[in-house]
Amino acid sequence: NKYAVWLSCNNPSTNPMADATLSPVEAADAARKLWLTATCQSHLDEVERLYRWALSTKDERFASERAVSEDRRNDGRGDDGEDGPFVGSDCNDNGNDDVGPPMKRMKSSRGGLGCGLNREQYNRVGERFALLLCQSGRSKRARRGLASMGFTCRLAEKVLDYPSDDDYNSKRKDQKSIDEEKSSESKPPCQIIDGFLSELESERLRLVFQSPTSSYWTDHRYEVEPPSPYFSYVISLEEIRNGRHRFGFIGDLTQKIASCPLLNGRFPKLRSNAKFVEIWAHNRPHASGHQMHFDSDDEGRGGVRHPIISTILYVSSEDKGKTRGDKPTGGPSLVTNQKLTDVRLASRGWMAHPRPRRLVAFDGRCLHGVVPGKGFRGGRRVTLMMAFWEEIRIREGTGPGSARPFPMWMDGNSSWASQLVSPLTDKDGHCSDHESCVETDPIKLDKIYETLDGRPWQRGMGMPSYDEVFQGF
């Protein structure tokens with residue numbers, strides 16, 4: 001196909017005529033495919049160049065390599081020339097610092113006038129290009145473009161261009177100040193437990209979920225882009241307790257979570273009120289995220305009902321590249337203090353990076369999501385989620401859907417369910433040991449949302465509509 005022909009050119013980033021084989025739509029598609037599989041900085045440079053080309057007007061068909069490199073060097077400071085609404089002045093339009101709500105702008109009609117994209121395509125490509133800028137220290141460069149698409153607010157720069165665990169810890173205060181800070185604050189609505197999974201438990205979960213071609217994903221026709229419909233399975237905790245061997249490994253793992261002393265200390269209703277567990281999973285490339293959302297029964301149909309807690313088990317999350325060491329694949333999970341009934345945006349948040357054997361739990365009422373991974377990494381971000389409910393209706397059905405009964409047997413072409421219910425052998429041990437569990441502090445964020453020019457979103461600015469908030473994913 002044309003993308004393959006383009007990619008096969010020798011050093012296409014220095015050969016702008018290679019773009020002549022691609023329409024703006026094809027260039028945008030090629031950029032996204034390359035982004036999701038990027039393994040080096042030159043790939044990301046090429047992604048940026050293709051997005052610039054797709055968004056440019058006819059007389060600016062080919063963005064030069066100079067535009068990419070100079071824009072990175074400028075780091076959002078100064079103006080190296082007009083290149084559409086995504087770059088230009090990094091100042092406020094009127095220069096004042098008032099705290100009133102920004103004015104919403106109409107969606108740009110630029111698409112279709114000169115760059116070969118209709119409005120829907122332009123907005124989709126523009127949002128992805130804006131994310132690339134925001135994740136590389138150039139969020140000010142995205143301001144005009146985001147405003148042209150009707151956004152008035154965005155996730156804060158420290159959310160999208162998130163710190164690593166090492167960067168965060170190196171900038172923290174001395175231990176005495178940390179202890180004083182902890183003692184004066186209420187506990188966050190989330191908890192990180194490292195070492196929760198044993199290596200044998202991790203191996204079983206990788207067997208089921210690691211490969212994108214394993215039966216769990218193919219049976220459900222799972223796709224990341226465009227996303228496949230949501231599907232999950234529910235098991236009664238009473239059934240697990242009364243016939244634990246019937247559910248084997250997945251039953252033991254559920255019990256291990258429900259009985260964890262650290263979790264029950266933070267979320268006491270887990271032990272006293274939980275009656276059901278809902279199970280689902282995701283398998284994403286590094287640059288793929290999950291929009292901010294609330295966990296709810298049947299995706300909120302018929303009224304919103306939240307679980308007691310939701311948990312995340314990180315199944316596979318390392319890039320063992322020779323030059324990069326062990327790096328987490330995928331962006332961090334983000335949990336905020338915002339609840340569905342709130343009349344203002346979240347003011348605080350907590351991040352947890354994907355780490356092998358790690359469990360993250362959070363209050364099921366809280367707004368949360370997954371930030372797309374920045375930079376480049378190999379591998380996949382594979383997670384298993386378990387939400388614990390007081391009440392949830394199990395919905396019968398033949399195809400994928402929410403809250404389906406957990407299948408106790410499968411046809412000859414599928415194996416994921418049997419792999420999950422097959423118990424670990426006696427010599428392997430059981431999922432009941434909490435001795436290796438260690439609580440770890442999440443990355444604390446005091447600012448979750450900002451105006452497009454980087455000012456904190458304050459109470460007087462009101463609650464923007466969902467479509468006015470740029471998430472980048």
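Predicted model: local features only at pLDDT ≥ 70, side-chain atom pairs only at ≥ 80, totals over all residues.
**Arg-358**
- Arg-358 sits in the loop between strand E10 (349–352) and strand E11 (359–363).
- Its relative accessible area is 4%, so Arg-358 is buried, the cut-off being under 20%.
- Beyond its neighbours within four places in sequence, Arg-358 is in contact with residues including Asp-165, Asp-194, Tyr-314 and His-353.
- Thr-440 is another of these contacts. Thr-440 is 82 residues from Arg-358 along the chain, and their C-alpha atoms are separated by 9.7 Å.

**The sheet E17-E1-E18**
- Three strands make up this open sheet, in the order E17-E1-E18, with mixed pairing.
- Strand E17 (449–451) and strand E18 (469–470) are at the edges; each has a single partner strand, so one side of each lacks a neighbour in the sheet.
- Strand E1 (residues 153–155) runs parallel to E18, and two bridges join them.
- Within E1, Arg-154 stands opposite Phe-470 in E18.

- Strand E3 covers residues 233–236. Tyr-233 and Ile-235 point one way from the strand, while Val-234 and Ser-236 point the other way. All four are buried.
- E3 runs antiparallel to strand E4 (residues 276–284), with four bridges between them. Here Val-234 stands opposite Glu-278.
- E3 also pairs with strand E14 (residues 404–405), this time in the parallel sense and over two bridges. Tyr-233 stands opposite Arg-404 in E14.

**Nonpolar cores**
- In soluble globular proteins, nonpolar side chains tend to be buried together.
- The largest nonpolar core here has 54 residues. Trp-35, Tyr-51, Met-351 and Phe-470 are among those with the most contacts inside it.
- Several elements each supply at least two residues of this core, including helix H2 (24–36), helix H3 (41–55), helix H5 (119–134), E1 and E18.
- H5 gives the largest share, eight residues.
- Apart from this core lies another, of 46 residues; Leu-237, Ala-258, Ile-308 and Ala-417 are among them.
- Not counting residues up to four places away in sequence, Phe-470 touches Glu-127, Leu-131, Leu-146 and Arg-154, among others.

Conventions: Residues numbered from 1 in each chain as written. Heavy atoms only, no water. Pairing = 2+ DSSP bridges. Buried < 20%, exposed > 50% of the residue type's maximum accessible area, 1.4 Å probe, protein only. Contact = heavy atoms within 4.5 Å. Core = buried A, V, L, I, M, F, W, Y, C linked by side-chain atoms within 4.5 Å.
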